[in-house]
Amino acid sequence: MKTTRKDREGFYKEMQKCLMEKKPDEMVITFREITKQNRVGLHSCSMQMPNAVAVPTFYLEDLYPSYENGTAPEDIAESMINYAKENNLPCLPGNIDIESYKGAKKSLGLTILGIERNKEYLADMVYEQIEDLALIPILFSNDVYGPGCIKIRKCMVEDWGVSEEEVMREAKENAPRLLPLVFKQLNEALHEEEKSEDAELFVISNRYFAGGAAVAFYPHVLEGIAKALGCNLYILPSSVNEMILMTDRGQDPAFLFEIVREVNRTEVPPTEVLSDSIYYYSVCEDRFSRLLPTSF
């Protein structure tokens, strides 16, 4: 049976009711409707215990499949509350110090989003525009809770008393160490097959395959890969998490453009779509450029 918006709204209201009834008195629960990247709207629920700095946040959309599979809202709420009581942290993951730039800058890295789908979302963020893409500095951590990041907003930079240009420069220098490049043949990445001597498709990302499409803009990455392969490159935005590189063997760019559009519509989660564009790297010009449909 097809899920309707009314079904989901009823679930969200029931979850709010159950959570407020079951929570301990000292826990503060905040419900918000927020717009995530790529204009995706979600119902968030943050659950804070006294003296906690970093608090668990759940998205009720992620919990709906459990409800569809028969788990009662009361049981979902109880699991959320138990998790929140155990995972309210006295400091940010990775012990990131966001109060001072000196403490924060060692955790600076990079992620990336498409500008067209995120104009409002990007309005108060620090970023560098590269064609139709936004290269965004982040604070990155990886600890027992797994990898996570905080995107740098303009108000944070103002509080630190530094310039946006300095933060971006530091993030570019730091990202290759913090979020190192992964470069694989596509068949190797998908199927763990042995490398091929005549491969034409490659995947680049960071070690965590999270926001890893940004590695294309690490210093000298595209230049080094193109020179090693001995040819120019088509760059296909697989998602915000990785880029696909294709050696230029005279392919029809119009066909590549349609592939990207179709994959974005059918295969990539809405929050992870990067762009419907395709790009080109010319090794002799050391130039990354967007290819527009009108040009082919």
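This is a predicted model: local features need pLDDT of at least 70, side-chain atom pairs count only at pLDDT 80 or more; totals for chains, interfaces and linings use all residues.
## Basis of the model

Local features need pLDDT of at least 70 and side-chain atom pairs count only at pLDDT 80 or more, while totals for chains, interfaces and linings use all residues. Residues are numbered from 1 along each chain as its sequence is written, and side-chain values use heavy atoms, leaving out hydrogens and water.

## The chain as a whole

Of its 296 residues, 46% are buried, where buried means under 20% relative accessible area with a 1.4 Å probe, counting protein chains only.

## Ser46 in its strand

Ser46 belongs to strand S2, residues 41-48. Ser46 counts as buried because its relative accessibility is 14%. In S2, six of the eight residues are buried.

Leaving aside residues up to four places away in sequence, Ser46 touches Val28, Ile29, Thr30, Arg32, Val55, Pro56 and Thr57; a contact here means heavy atoms within 4.5 Å.

## Neighbouring strands

S2 pairs with strand S1 (residues 28-35) in the antiparallel sense, over eight bridges; pairing requires that DSSP finds at least two bridges between two strands. Here Arg32 stands opposite Ser44 of S2. The hairpin of S1 and S2 has five residues between the strands, and Asn38 takes a positive phi near 60° in this hairpin.

Strand S3 (residues 57-59) also runs antiparallel to S2, joined by three bridges. Tyr59 is the bridge partner of Ser44 in S3.

Key: Helices (H or I, at least four residues) and strands (E, at least two) are DSSP runs, numbered from the N terminus. Buried means under 20% relative accessible area, exposed over 50%, partly exposed in between (1.4 Å probe, protein chains only).
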